[in-house]
Amino acid sequence: MARKILLANDHIPGINTLRVYRQHGGYASLEKALKQMTPEQVVEEVKTSGLRGRGGAGFPTGMKWSFLAKPEGVARYLVCNADESEPGTFKDRYLMEHIPHLLIEGMIASSYALGAKTSYIYIRGEYFYVARILENAIAEAYEAGLLGKNIFNSGFDHDCYVQVGAGAYICGEETALIESLEGKRGNPRIKPPFPAIAGLYGCPTVVNNVETIAAVVPIIRDGGAAYAAVGIGKSTGTKLISASGHINKPGVYEIELGVPVEEFIYSDEYCGGIRNGKKMKAVVAGGSSVPILPTELILKTANGEPRLMSYESLADGGFATGTMLGSGGFIVMDEDTSIVKNLWNFTRFYHHESCGQCSPCREGTGWMEKILNKILSGNGTLTDVDLLWDIQAKIEGKTICPLGDAAAWPVASAIRHFRKEFEEYVKNGKNIKDVKHYYRLNNLVGA
Amino acid sequence: MSDNKEYKFSDETLATAQRIIRRYPEGKQKSALIPLLHLAQAEFDGWLSPGAMDYVASLIHIQPIEAYEVASFYSMFNLKPVGKCVIEVCRTSSCWLLGAEDIVKHIEKKLNIHAGETSKDGMFTLKTVECLGSCGTAPMLQCGGDFYENLTFEKVDTLLDKMKEEGKRRVYTKDDMIKI
């Protein structure tokens, strides 16, 4: 079911240049939008397409756009979230590096739909070389009259700039990103007001992920209905999946939503199975924040249905037996992986990245890391596992932004599905010498 | 909080700084703070001294404290002197699954320093950092804006030896900044 829409042309040499990109139909969508469509029609096509935010939350893009306030005489902004920092996610980097003009074209066309005269691409500072690629693409677009004044003689003016961040996971949260773009610490804002009402510089602002904005280009080209015909149910179109971990073929794959998870992991077209002939133990399907699932639950739902790569199927069963598509950061772990140590790794990450505004997140992530350290060092008690559970439950839903939830869910799901392994560490921790990387717990795999 | 050193961008860097400042609407020049701090870090030996931050603040007419509070929030800004090559090894998730801890230990042993320290000859600073978006090519490290992926001990040895031999500063090269 390989179906490429965004990456259909990524094998063509030179597709990163404007000349080759245009030879293969590049900027035709922008021309179509500017010459043949009103901004409202573009928004309608995006609504029809069923496109959902590809950064992680999966919120319908057309609906997000329709919330944008349009007061007279006030500037509006489109901001592209290229702060890709969710562990296990590297698809936006791939897209920007290989087909930068797809993003630029999407930025201009989306800005036309939203009535934004200026847009910013906020890219994480560690992607400096990608920022350079985007800068070069933007310079090419200006030179060809695709940016600047009176684009395609339509009377539409637009300027697009790249802004680099400086290392902060939290800036992927849209209000923290806006704060950072304003030259401040990346502390998320209390909502409401939402950015659609008061975002960048207090003006109405839409923040969209790189992949979301890129998808607007084929939606304009082929129409929203054609895009909606791809995929399954409310999971329309294609999704870029970043596959990593203990698999034979890590990389970025564009899939039609609805591909069975089993096919995605074991088919040679995608991940190519588990490395070194080992068995799979667990999968984190949508970036480190989403619940981890053991093999039997990632391949099949609790009802025994084959699990599919779609928003609905991955979420089937709620958090009790399901997970989320999230950002599409698909991390596979083999049978030798220590779930407890992996959780410690994730929890250290969230502790490091908590912005510190909300006590439950600032303190809770630190305590979870400390308790996991205690368990791993062989000094844990069985009540520590309950304490971990208690702390995560007191973080979830009690913070300004979703980082608290993102820190809580991996802990909850690891305990829910691998409690025996935590207990094994508590009971025998001092005897577990090889805890550093891999620890085989064959008889403890699963719930 | 200024030290005795005088901080001033070269003409070329200053022109870049002014080009960046012009990107934002009138009165919103503070938006240029992070890009300008990057420029300063590249220009002034790979780290931000109080004097360097004061200078950046003066360029966009904000209080020095506004520059300090931002510089101390973001992990890419070094608030202490660093070696010529800052080796940043990803320690999260997929890199960890595929042996990032071993890579860090190997570098620690080779350079005879711990993560967070600078080698005696001032050549290397070793840092461990969170996910750099290179999970499909794990384990990896970053130095001076370049990604080094699918690491093995041998690759790391070759890389560090080459850097030492060349002896040049690689902390976010100024060329990168000028083009941004």
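Reader: How many helices and strands does chain B have?
Author: Chain B has eight helices and four strands. This is a predicted model.

Reader: In what order do the elements of chain B run?
Author: From the N terminus on, they go α-α-α-α-β-α-α-β-β-β-α-α.

Reader: And the radius of gyration of chain B, does it come out above or near that of a compact globule?
Author: It agrees with the globule value, because 180 residues would give a radius of gyration near 16 Å and chain B has 17 Å. Along the principal axes, the C-alpha atoms of chain B fill a box of roughly 50 × 35 × 25 Å.

Reader: What percentage of chain B is buried?
Author: Buried residues account for 44% of its 180 residues. As for contacts in chain B between residues at least 6 apart in sequence, 65% of them join residues at least 24 apart.

Reader: Which domains does chain B have?
Author: The domain assignment gives domain 1 (11-71) and domain 2 (85-166). The C-alpha centres of these two domains of chain B are 29 Å apart.

Reader: Let's take helix 6 of chain B. Which of its residues are buried?
Author: B:Ala100, B:Ile103, B:Val104, B:Ile107 and B:Leu111. Seen down the axis of helix 6 of chain B, those buried residues fall within an arc of 100°, so they line one face of the helix.

Reader: Why would residues three or four places apart point the same way?
Author: An α-helix has 3.6 residues a turn, so residues with that spacing point the same way.

Reader: What do the buried residues of helix 6 of chain B pack against?
Author: Four elements of chain B: strand 1 (85-90), helix 5 (93-97), strand 2 (124-129) and helix 7 (153-166).

Reader: What should the twelve residues of helix 6 of chain B span?
Author: At 1.5 Å a residue, helix 6 (residues 100-111) of chain B should span 16 Å, and its end C-alpha atoms are 16 Å apart, which agrees.

Reader: What follows helix 6 of chain B?
Author: B:Asn112 does, and its phi is positive, near 60°. B:Asn112 is in the loop between helix 6 and strand 2 of chain B.

Reader: Is B:Asn112 buried or exposed?
Author: B:Asn112 is exposed, because 9 other C-beta atoms lie within 10 Å. The cut-off for exposed is 12 or fewer.

Reader: Where are the cis peptide bonds, then?
Author: One joins A:Lys191 and A:Pro192, with omega about -5°. Another joins B:Ala138 and B:Pro139, with omega about -10°. A:Pro192 is in the loop between helix 8 and strand 5 of chain A, and B:Pro139 is in the loop between strand 2 and strand 3 (141-143) of chain B.

Reader: Over to chain A. Which domains does it have?
Author: The domain assignment gives domain 1 (18-229), domain 2 (250-334) and domain 3 (339-444). The C-alpha centres of domain 2 of chain A and domain 3 of chain A are separated by 22 Å. Their contact takes ten residues from domain 2 of chain A and ten from domain 3 of chain A.

Reader: Which element gives the largest share of the domain 2 side?
Author: Strand 11 (residues 292-294) of chain A, with three residues. By class, that side of domain 2 of chain A has eight nonpolar, two polar and no charged residues.

Reader: How many residues of chain A are in contact with chain B?
Author: 50 residues of chain A are in contact with 38 residues of chain B. Among the elements of chain A that each supply at least two residues are helix 7 (128-143), helix 8 (174-181) and helix 15 (339-353). The chain A side divides into 20 nonpolar, 20 polar and ten charged residues.

Reader: Is A:Leu181 buried or exposed?
Author: A:Leu181 counts as buried, because it has 25 C-beta neighbours inside 10 Å. A:Leu181 lies in helix 8 of chain A.

Reader: What is A:Leu181 in contact with?
Author: Leaving aside neighbours within four places in sequence, A:Leu181 is in contact with A:Val79, A:Tyr120, A:Tyr122, A:Gln163, A:Leu200 and B:Ser31.

Technical notes: Residues numbered from 1 in each chain as written. Chains lettered and ligands numbered in written order. Predicted model: local features only at pLDDT ≥ 70, side-chain atom pairs only at ≥ 80, totals over all residues. Domains from an automatic or database assignment. Contact = placed C-beta atoms within 7 Å. Nonpolar A, V, L, I, M, F, W, Y, C, P; charged D, E, K, R; others polar. Expected span 1.5 Å × (residues − 1). Buried ≥ 20, exposed ≤ 12 C-beta atoms within 10 Å, placed from the backbone. Arc of directions from axis to C-beta. Rg over C-alpha atoms; globule rule 2.2 N^0.38 Å.
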